[in-house]
Amino acid sequence: MDRTLRELTGYRLQRATGSAMLRYKAVFTEFGLWRTTFSCLSLIIDNPGLRQSQLGDALAIERPNLVKIVEDLSYAGLILRETSKSDSRAYALSPTPKGKALFQDVLASVKRLDAETTRGLSDSEIAVLQRALTKVEENLAAKIRRSKAVT
């Protein structure tokens, strides 16, 4: 029925992403998180002291949206937001023990879902898929950067 559409990479990406996001959303919701709050918490745990602006840049989150996310994570007791020691105009973000513990629980569930998502693929096929998705992301990001440079 959708033979022509399935020849298009963008259509395939949309279908796969739509299905995956529904499953991942369920996992995050179970823990009281969103995909974006999970991503932010992950970067803060991997980079304690990360400045709020660096977090926004890394995840391409606009400042007003990032402020809300950081406030939510802070209010939930998952991160600390403190004035940066190196720049008093900036905030440094660090995980709390509660944030680290919750993250580990969510990560375990996400890894199980990742395994379900790639069931039937060999390790080498998963590696090829990861490289291909990285290349697609790079291609699309380069196009976006070029179009912003023109405007």
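Mentor: Contact means heavy atoms within 4.5 Å. Keep that cut-off in hand for this predicted model.

Trainee: What share of the contacts with a separation of 6 or more joins residues 24 or more positions apart?

Mentor: In this chain, 51% of them. Buried residues make up 27% of the 151 residues.

Trainee: How many helices and strands does the chain have, and in what pattern?

Mentor: Seven helices and three strands. Along the sequence they run α-α-α-β-α-α-β-β-α-α.

Trainee: Which strands pair with β3, and in which sense?

Mentor: Take the partners in turn. Strand β1 (residues 50–51) pairs with β3 in the antiparallel sense, over two bridges. Strand β2 also pairs with β3 in the antiparallel sense, over five bridges. For landmarks, find Arg-51, whose bridge partner in β3 is Ala-92. Then find Arg-81, which stands opposite Leu-93 in β3.

Trainee: Why is β3 described as largely enclosed by the rest of the structure?

Mentor: Count its buried residues. Buried means under 20% relative accessible area. Four of the five residues of β3 are buried, so the strand is largely enclosed by the rest of the structure.

Trainee: Now a loop residue. Where is Ser-84, and is Ser-84 buried or exposed?

Mentor: Ser-84 sits in the loop between β2 (79–83) and β3 (91–95). Its relative accessible area is 8%, so Ser-84 is buried.

Trainee: Which residues does Ser-84 contact, leaving aside neighbours within four places in sequence?

Mentor: Ala-90, Tyr-91 and Ala-92. Ala-92 has come up already, as the bridge partner of Arg-51.

Trainee: What lies 3.3 Å from a polar atom of the Ser-84 side chain?

Mentor: The backbone nitrogen of Asp-87. A polar contact needs N or O atoms within 3.5 Å.

Trainee: Why does Leu-133 count as partly exposed?

Mentor: Compare its value with the cut-offs. Partly exposed is the range between under 20% for buried and over 50% for exposed. Leu-133 has 38% relative accessibility, so Leu-133 counts as partly exposed.

Definitions and conventions:
Residues are numbered from 1 along each chain as its sequence is written. This is a predicted model: local features need pLDDT of at least 70, side-chain atom pairs count only at pLDDT 80 or more; totals for chains, interfaces and linings use all residues. Side-chain values use heavy atoms; hydrogens and water are left out. Buried means under 20% relative accessible area, exposed over 50%, partly exposed in between (1.4 Å probe, protein chains only). A polar contact is a pair of N or O atoms within 3.5 Å; within protein, one must be able to donate a hydrogen and the other to accept it, and residues adjacent in sequence count only if both atoms are side-chain atoms. Two strands pair if DSSP finds at least two bridges between them.
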